[in-house]
Amino acid sequence: MNKSFLALLLILSFGITSNSEKVIARQGQVSFFSYTSVENIKAENNQVYSIINLQEGTIAVDMLMNAFVFEKALMREHFNESYIESDIYPKATFQGKIIDFDTNAQGTQIKMIKGAFKMHGVSKDIEIKTKIENNNGSYTLSGVFETFVKDYNINIPPLLAGNIAKSIAVNFKFEYQPYEN
Amino acid sequence: MQRSLNTYQLSFTPKQIIALIVIFVFLGLNSCSENSDKIVRESLDVEQFNVDQIIEGDFTFDEDNLIENVVLVEGVIQDINNLNNRSTIILKGKKDTDRLVICDMQKNQKLTTNSLNLGDEISVKGILKGTLNDVILLNCIIPQPKTNE
């Protein structure tokens, strides 16, 4: 009886430990900006999903491309139908590792995240300088990086080439909560 | 003076008048939209789900599928928040799962959203965007109960 109870306690404590090692963001924000002399294009996605495994320092991000909101319907239409082809490639993903991540350090730390960003069917290794804020176990990750349209096989018709920047600025902000299943 | 006014009135050809009407209709439609997505209207008849049904749905962009269409989802409020300055309601189902429905609310739903409480059972109508771990609905509204008056 005592042995069974001990075994049960061990199993339960293992379960609690493994869940507490993960933090989750269901409403991460990713926005991008394209600046050209013809027009500026901005879009925002506020339902980006991300999980960090604190013990391993790994991070995964998942976003729906058709959930980006634009200022104009035509911009959204071109983005989804002509450039990103979100019916064929509905998601963009990132899987990476936070280098030298100190999960116990309170306050702000600046770290590099290395990993593979997959969009429009093309996977590319990237490094992102990221601000990590730890407020008693509530983590917030934010930063900005540049990405090039040509790296992801996105074809812009010559007629619209002047409207879309070759380099796109991507901003992100994720507020994580303890993962509870 | 009278002559010049008459001249001005006659200066619009039927083609120009049609063009003006098209412009006004276009501007009118644009001013109605909150963002790049279509506006979800209360009167629209749509397919209905509860949270457990929709999180198990296999949604794609196929013609007969529901991505980018308006759906109605019934569930229990797990969370209401204003993260990223967006009013969001998160619905849970009856099954024991970490998968939820995230409803990004239209701006005109602020008063209705403020009157809700955690644990309330509600229906939400919004544009189905797809599924990550959770199901994502944008431009959501809370349909008001119909009265016979």
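Two residues are in contact here when heavy atoms of theirs lie within 4.5 Å. Keep that in mind as you look at the model above, which is a predicted one. With that rule, 25 residues of chain B are in contact with 26 residues of chain A.

Let's start with chain A by itself. Chain A contains two helices and 10 strands. If you walk along its sequence, the elements come in the pattern α-β-β-β-β-α-β-β-β-β-β-β. Chain A has 181 residues, and 44% of them count as buried. Now think about who touches whom inside the chain. Take the contacts in chain A with a separation of 6 or more: 60% of them are made by residues 24 or more positions apart.

Next, have a look at the backbone of two residues in chain A. Most residues other than glycine have a negative phi. A:His120 is not a glycine, yet its phi is positive, at about 55 degrees. You'll find A:His120 in the loop between β6 (107-119) and β7 (122-135) of chain A. Is A:His120 buried or exposed? A:His120 has a relative accessible area of 7%, so it is buried, given that buried means under 20%. A:Asn153 has a positive phi too, of about 55 degrees, and is not a glycine either. A:Asn153 belongs to the loop between β8 (138-148) and β9 (167-175) of chain A.

Now for the charged side chains. Side chains of opposite charge can pair when their charged atoms come close. Over all chains, the count of salt bridges comes to eight. One of them links the side chains of A:Lys114 and A:Glu127, at 4.0 Å from N to O. A:Lys114 sits in strand β6 of chain A and A:Glu127 in strand β7 of chain A, so this pair ties together parts that are 13 residues apart in sequence. A:Lys114 is partly exposed, because its relative accessible area is 41%.

Another salt bridge in chain A brings together the side chains of A:Glu175 and A:Lys173, with 3.6 Å from N to O. Here A:Glu175 has 32% relative accessibility, so it counts as partly exposed. A:Lys173, at 35% relative accessibility, counts as partly exposed.

Over in chain B, B:Glu68 forms a salt bridge with B:Lys129, and their closest N and O atoms are 3.0 Å apart. Which parts of chain B does this pair tie together? B:Glu68 lies in the loop between α3 (51-55) and β2 (70-81) of chain B, while B:Lys129 lies in strand β5 of chain B, so the parts joined are 61 residues apart in sequence. B:Glu68 is buried, with a relative accessible area of 17%. B:Lys129 counts as buried because its relative accessibility is 1%.

While you're in chain B, find B:Lys94 in the loop between β3 and β4 of chain B. B:Lys94 has 74% relative accessibility, so it counts as exposed, the cut-off for exposed being over 50%. B:Lys94 and B:Val51 are 43 residues apart in sequence, but their C-alpha atoms are 8.0 Å apart in space.

Finally, back to the place where the chains meet. The size of an interface is often given as the accessible area lost when the parts come together. For chain B and chain A, about 2,200 Å² is buried between them, and 53% of that is on carbon and sulfur atoms. How many salt bridges does the rule find across this interface? Across the interface of chain B and chain A there are two. A:Arg26 and B:Asp134 meet in a salt bridge through their side chains, at 2.5 Å from N to O. Polar contacts between chain B and chain A involve 10 residue pairs, counting pairs with both residues at pLDDT 80 or more.

And what does chain B bring to the meeting? On the side of chain B that touches chain A, β3 (88-92), β4 (101-105), β5 (121-131) and β6 (135-141) of chain B each supply at least two residues. The largest share, three residues, comes from β5(B). Sorted by class, that side of chain B has nine nonpolar, nine polar and seven charged residues.

Key. Residues numbered from 1 in each chain as written. Chains lettered and ligands numbered in written order. Predicted model: local features only at pLDDT ≥ 70, side-chain atom pairs only at ≥ 80, totals over all residues. Heavy atoms only, no water. Buried area = accessible area lost by both parts, 1.4 Å probe. Polar contact = N/O pair within 3.5 Å; in protein donor to acceptor, adjacent residues only side chain to side chain. Helix = DSSP H or I, 4+ residues; strand = E, 2+ residues; numbered from the N terminus. Nonpolar A, V, L, I, M, F, W, Y, C, P; charged D, E, K, R; others polar. Buried < 20%, exposed > 50% of the residue type's maximum accessible area, 1.4 Å probe, protein only.
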